[in-house]
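Q: Please walk me through this one, one topic at a time.

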Amino acid sequence: MISKKFVNISLIFIFFISLFFAMNSVIFETNLNVEQAIARVGEKEISRQRFEEIIKVLDDQSYAELSLEKKILIRERLIDEELLIQRALEMNLVRNDNLIKGNIIQTMFDYILKSSDSAEPTEEELKKYFNNDKDYFTSAKSYKLKVFSYKNYNDAKKAKEFLKSNNLDAFLNLSDKDIETELPAIFLTPQKIRDYLGPDSIKQFQGLTQGGHSEIFEINGIHTIILCLDVLSEFVPTFEEVSDQVKTKFIKDRDDALVKEYIENLRNFYDIEKYSL
């Protein structure tokens, strides 16, 4: 008959053998995780690769290798960061906070552009792009104007007569500076001038040459004369003169197209249902 003592010894032996294999399994699994991560916060592991990238950057900026104490501190900061991220997700801040939402959208834009791995545009591509969109790079005819306003039509009429007789001092003395529309003392395109003076002003100044003046017309019910101080003719540049601008716009338009295509693919992938407005 097998003694009770032998059975007990056998059970103890089997227990330790089982414990050894269990510990071995745990150690193996732990080593597998340690190789890939430096910590786990909830269900999310913090990547060892990211940790090592941070260490490398700090090592490059330092004269000596980072100590273990500093590496531990960095790991703690990454844990803090992950805790805050998880809490922000729980609080739905990604959708409710406009600043966070904006940063995420911008990060997605950056990701789309980086992942596209677009090649540097060739000179041939840029020249073709320039020729197809030459109007964009052409400087429109622009004017430097001065606006003179008058309390009544008779003052405006007298001022116009002074201009015709080249009596500039008398012309200037008649205008009412309190009601004048001030224009910046720079060259402005017709569109900019229209924004300042209104659509009726365009036919009054277009065609003016340096020293010329408009007819009497009204801006918001105020009698007005425009004096042309200078004119800058339309300028059509060569490709070489604006090559940097062409490249910048080419890349911007290409990036915009990539983002638009990416979003269109998302629209096709996700189920979207639109409700009445």
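Q: What's the mean pLDDT for the protein?
A: The mean is 82, and 87% of the residues reach 70 or more.

Q: Where does pLDDT stay under 50?
A: Over residues 1–32, and for that stretch the model has 1 contact (heavy atoms within 4.5 Å) beyond four places in sequence. Where pLDDT is low, predicted coordinates should not be read in detail.

Q: New topic. At what angle do α5 and α12 pack?
A: About 105 degrees, with the axes of α5 and α12 10 Å apart. The two helices are therefore roughly perpendicular (65 to 115 degrees).

Q: Which residues make that contact?
A: From α5 come Met108, Phe109, Tyr111, Ile112, Leu113 and Ser116. From α12 come Asp255, Leu258, Val259, Tyr262 and Ile263.

Q: And by class, what does the contact of α5 with α12 have?
A: That contact has 9 nonpolar residues, 1 polar and 1 charged.

Q: What about numbering and cut-offs?
A: Residues are numbered from 1 along each chain as its sequence is written. Local features need pLDDT of at least 70 and side-chain atom pairs 80 or more, totals for chains, interfaces and linings use all residues, and side-chain values use heavy atoms, without hydrogens or water.

Technical notes: pLDDT is the predictor's confidence in each residue, from 0 to 100. Axes are lines fitted to C-alpha atoms, for helices over the stretch in contact, and angles run from 0 to 180 degrees between N-to-C directions. Helices (H or I, at least four residues) and strands (E, at least two) are DSSP runs, numbered from the N terminus. Angles under 35 degrees count as roughly parallel, over 145 as roughly antiparallel, 65 to 115 as roughly perpendicular and the rest as oblique. Ala, Val, Leu, Ile, Met, Phe, Trp, Tyr, Cys and Pro count as nonpolar, Asp, Glu, Lys and Arg as charged, and the others, Gly among them, as polar.
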